[in-house]
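Subject: Structure for your review, with notes

Dear colleague,

I am handing over the structure below, together with some notes on its strands, helices and nonpolar packing. Please read the notes with the structure open beside them.

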Amino acid sequence: MRELTEQRDAYRKPEGVSKGRRGLLIVNTGHGKGKTTAALGLMIRAHGRGLRVRMFQFLKHDTAKFGEHRTLDLLGIPYQGLGDGWTWRSRDLENSAALAEHGWALARAAIQSGEHDLIVLDEFTYPLKYGWVPWADVEATLRARDPRLHVVITGRDALPELVALADTVSEIQPVRHAYEQGIGGQTGIEY
């Protein structure tokens with residue numbers, strides 16, 4: 001207890017830490033589970049604080065009704081599925097690319113609109129990695145956004161340029177996953 005008290009008493013906020021709201025660019029990447037879940041947690045936290053939030057999902061289709069969609073519906077948080085499912089299952093990658101391009105146009109318009117305080121671009125690293133959405137356009141849009149707008153980008157294999165631009169980057173790595181033990185996706189956990 002004494003050690004804990006000493007640590008508490010010794011803590012000082014670092015010099016130069018800004019006060020007030022500033023929009024952050026947050027990237028959740030890596031091959032572990034929880035990138036989208038973390039972004040959803042931020043959305044719910046922000047919504048609970050009265051911030052205007054929105055999610056664009058670049059791989060999930062617009063009729064998906066996974067657990068997060070049901071919750072977002074109950075909370076009145078807008079989201080939009082922009083893809084045709086997982087890219088490794090796509091039978092028409094040209095269509096997948098066209099959907100990503102269209103989705104980026106919608107997301108870019110939302111970023112530029114000034115109507116939101118936090119926008120999540122879920123699984124957006126894939127359209128960037130595959131070249132379906134040009135990095136130069138994304139970078140310009142992110143740099144020109146309202147300085148108070150938070151943007152969260154999720155997905156594996158984030159571009160090094162995106163990582164360099166971001167304020168906060170979390171790389172989620174697997175230690176063990178139930179799939180490796182032959183356990184399939186669980187309702188309420190994976191979807």
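The notes below begin with conventions and then turn to strands, a helix and the cores.

This is a predicted model, in which local features need pLDDT of at least 70 and side-chain atom pairs count only at pLDDT 80 or more, while totals for chains, interfaces and linings use all residues. Residues are numbered from 1 along each chain as its sequence is written, and side-chain values use heavy atoms, with hydrogens and water left out.

Helices (H or I, at least four residues) and strands (E, at least two) are DSSP runs, numbered from the N terminus. Strand S2 (residues 53-57) is mostly covered, with four of its five residues buried, where buried means under 20% relative accessible area, exposed over 50% and partly exposed in between, for a 1.4 Å probe and protein chains only. Strands count as paired if DSSP finds at least two bridges between them; S2 runs parallel to strand S4 (residues 118-122), to which five bridges join it, and Phe-56 has Leu-121 of S4 as its bridge partner. Three bridges also join S2 to strand S3 (residues 79-81), again in parallel, and there Met-55 stands opposite Tyr-79.

Buried in H4 are Ser-96, Ala-97, Ala-100, Gly-103, Trp-104, Ala-107, Ala-110 and Ile-111. They cover an arc of only 140° around the axis (taken from the directions from the helix axis to the C-beta atoms), which puts them on the same side of H4. On the other side, Glu-94, Glu-101 and Gln-112 are exposed. The buried residues of H4 pack against S2, S4, helix H5 (125-129) and helix H6 (135-144), contact meaning heavy atoms within 4.5 Å.

A nonpolar core is a set of buried Ala, Val, Leu, Ile, Met, Phe, Trp, Tyr and Cys residues joined through side-chain atoms within 4.5 Å. The largest has 28 residues, and those with the most contacts inside it are Trp-104, Leu-121, Phe-124 and Leu-162. H4 gives the most to this core, with six residues. Apart from this core lies another, of 13 residues, among them Ala-39, Met-43, Ala-46 and Ile-77.

With kind regards
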